[in-house]
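Subject: Handover of a structure

Dear colleague,

Please find the structure below.

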Amino acid sequence: MKTSDYIRKLPPWYFFAPAIFVGIAVTLPLVYLLVRALDGNLGQSAELLFRERNLTLLLNTLKLTAGVLVVTTFLGFPFAWLTSRTDIAGKRVITLLGVLPLAIPGYVLAYALLGIGGENGTLSQVFGLTVARPSGYWGALTAISLYTFPYLFLNLRTGLMGLDPSTEEAARSLGLSSFQVLYKVVLPQLKPAFYSGVLIISLYVIGDFGAVSLLRYETLSYALFIQYESAFDRVYAAWIALILLTLTCTILVAEYKLLKGLLFYRAGTGVSRKTRFVALGHWKWIAYSFVGLVTFCAIILPLITILFWMAQGVDPLVWEILGRSITSSVVASAPAALLAAFFALPLAYISVRYPSRTSNILQRFAYLGYATPPLALALAFIFFSLNIIPFIYQTIGLLVFAYSLHFLAEAMGPVRSALYQTPPRIEEAAQSLGVSKFMAFVKTTLPLLRGGIIAGISFVFLSAMKELPITFILAPIGFETLALNVWSFSGEAMFAEAAPFAISILFFSVIFVLLLFSREWKKYE
Amino acid sequence: MNELLTATNLTKRFKPEEHPVVDKVCFGVKEQEIFAILGPSGCGKTTTLRIIAGFERTDDGSIQLNSKTLECPYTHIPPEKRGIGFVFQDYALFPHLSVLENVKFGIRNAGGSEREFRALKMLDLIGMKSLRSRKPHELSGGQQQRVALARALAPKPSLLLMDEPFSNLDAVLRNSTRNEVRKILKDAKMSAILVTHDQEEALSVADRIGVMNNGKIVQIGTPEDVYYRPKTRFVAQFLGKTNFFAAQATGLEARSEIGYLMLDKPARGDVMISIRPEHLTLERATPANCSGTCGIISSKEFKGHDITYHIKLPTGECIVHTDNRMPFGIGENVVVRPLEPAVVLKQDS
């Protein structure tokens, strides 16, 4: 084939160029992480890499990840099963209650946990119960599990909804009991949904910084924070970031390998028959109690704690800071959301309309920005900017750019699904009516993507509003967002002062969750 | 009449190592002519149409419209500058625009009221003026089809391309829409290329047909031409039921399994001939007329206005359509008689 023929098959440059730019923007800083790590001499590098402490940190991280996965499975699966397979009344409310914990970020939960226990805590002052302040492994496990189980719930629910009920009926007709059907037919088919939930949660645990730092549990991310914060030795920080990155890549590859042979499990898109619901009978009271208990721990208790501390009286100065923090958060998050959507559009377009190896790789870069532990990503941006474009170091611009690359994947989801619903021929139809290729896209496809783009922008905006680790490293001095204030006040046990910031974050997070919920709910109604 | 569009040697390979999807395709379309490209699925007909529209590029050859080159390996006029309308198989109506806005979309170089007026006139022509503010999803399949046609015709293209335009309609609707579309095109004095795999559609709508197979145009002619005088075995078979016989030709006459018959053109030696079932008739076999060429009726299908007989011959079989006044029974001995000269076929290339 002539080269010119090959070029014709490429997407138009105005889609291709931004996609390539994103690929470079994500990878290049990560390369600088390596450059920085190898800064010292070889002997020193080896010493830094093979420290015994690294092994302890790695084991701690893995222990926390495993624990969180077990707890979230036990929390997420009952929610998914109840809302998709049973005759329980109030599925809509239960689904919402299963998603709502996402509104309370891990570090706010950690703050709540710290505020509950101890002599002055909520429990002792309101209920007269004195409990030791939860911290360390169990504290981190509780906070992160309660925050992240909705991811597993949503994935499992989607999986259960997508199963073809006739396979279960076939199994019953072949003589299996209902428990055997669950074990031999349903669960194996749920593997892909389970793995993708596991992936999101593992990546979150590995990258979490807020909860582990407040509850003082030494994971790799926590160690990276300590190293960055207290020591001047950035080389060791770079090494920890590289270990984190390796761990992330290992998980991504493992997930890919596990899913590879399983794709045939996915149910077809044809009209499937209605699932027959399991009648719960008196068991429903147990189900309601379970939902109630989880809701109490994940939502009500933290909320009471925040309100309790707020009622203790807040320094009036704090209200002034609150106004500035909200402004700062919006100033950084809003442009990041627009930029992320701007990047997501060409990437999604190329991956849906020009599927090929190249577009597949480009798309993976978008997810790499999301999967990279945020502290490592932020550190990479610091090294990169200091070396290549020093004038953007310590600017809001760099923060906005890092946000947009990190949350790009969140914008891509809705844009991609909107694109899949848009008939590809309408652009050619517009062209045959005398409109240029670019204008054909603008006049026909773009209006149909509006809903998806708005959803993408909202997701990124609301996620950036509560983002902590990247903000912590990249925010210019004196630029304090809501998340930073919750974290720093709780870190100093100033729970009353942290409360107004926590409440403000909850306000934005609840909008995020309601948006997510309405999109999830619409899928099946 | 003048040739409007000339396609010369169009060739397209999607993968360098594979057989070309479109292989040296040549044909012309005259002014106000409806030309059909007929072929089985995967024969390259849609790709040919997309090359003419400018959605795909040709590897070789050229396309001229009104003696202006639109496409060759060194020239590519983009689709929007060709002035060629396209009706898509799935219609590709803009889902976010109303019927009127869809039709207005392509009308340019005119003021707002002028565009509106022209679009309404177009909708009037297809009898859908009253549904102008509906959205595409609120229309039936046949209505969507007509809107797609109106939208493509509204900018007054010099040529209209239609990709399987009737395949998404149910059988009853297909027949009426077909006649309606032909009438609209003829009233608008529009030239059109229609791509289809349905021989009945091509025969009834088109003025001329190009039969395509394996990326090549095998025969071009009027519907009567390609039906009655197919050049190859493929064309004969693709356009309807037919009988093939091996025969020994001696000029305008040949000897075959059903006896001596006339040929449409002189030939010598071993040839393959085709004769349509309706060009054969049956006679009861008697010792006088049966000189070693009689057959036995193996089955029959009574269809009301006519009857189809399957005849077992000494070494093969054949199909005969007769009118319903010839009641033969299964197992009866009959003699097959040709009513028309048989067609001598070329070897399939």
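The domain bounds used here come from an automatic or database domain assignment. On that basis, chain A is divided into domain 1 (12-50 + 313-525) and domain 2 (53-228 + 281-310).

Please note that this is a predicted model, in which local features need pLDDT of at least 70 and side-chain atom pairs count only at pLDDT 80 or more, while totals for chains, interfaces and linings use all residues. Residues are numbered from 1 along each chain as its sequence is written, and chains are lettered from A and ligands numbered from 1 in the order in which they are written.

The two domains of chain A

Taken over C-alpha atoms, the centres of domain 1 and domain 2 of chain A are separated by 25 Å. Their contact takes 32 residues from domain 1 and 29 residues from domain 2; two residues are in contact if their C-beta atoms, placed from the backbone, lie within 7 Å. On the side of domain 1 that touches domain 2, the elements giving two or more residues are helices H17 (374-387), H22 (469-474), H23 (482-491) and H24 (495-524) of chain A. Helices (H or I, at least four residues) and strands (E, at least two) are DSSP runs, numbered from the N terminus. H24(A) supplies the largest share of this side, 18 residues. The residues of this side divide into 27 nonpolar, 3 polar and 2 charged. Here Ala, Val, Leu, Ile, Met, Phe, Trp, Tyr, Cys and Pro count as nonpolar, Asp, Glu, Lys and Arg as charged, and the others, Gly among them, as polar.

The contact between chains A and B

In this contact, 17 residues of chain A meet 19 residues of chain B. Helices H20 (425-432) and H21 (437-465) of chain A are the elements that give two or more residues to the chain A side. H20(A) gives the most, with 7 residues. The chain A side divides into 9 nonpolar, 5 polar and 3 charged residues.

Chain B

The secondary structure of chain B comes to 8 helices and 19 strands. Its C-alpha atoms fill a box of roughly 85 × 45 × 40 Å, taken along the principal axes. Of the 349 residues of chain B, 38% count as buried, that is, with 20 or more other C-beta atoms within 10 Å of their own, the C-beta atoms being placed from the backbone.

Yours sincerely

Methods. Buried ≥ 20, exposed ≤ 12 C-beta atoms within 10 Å, placed from the backbone.
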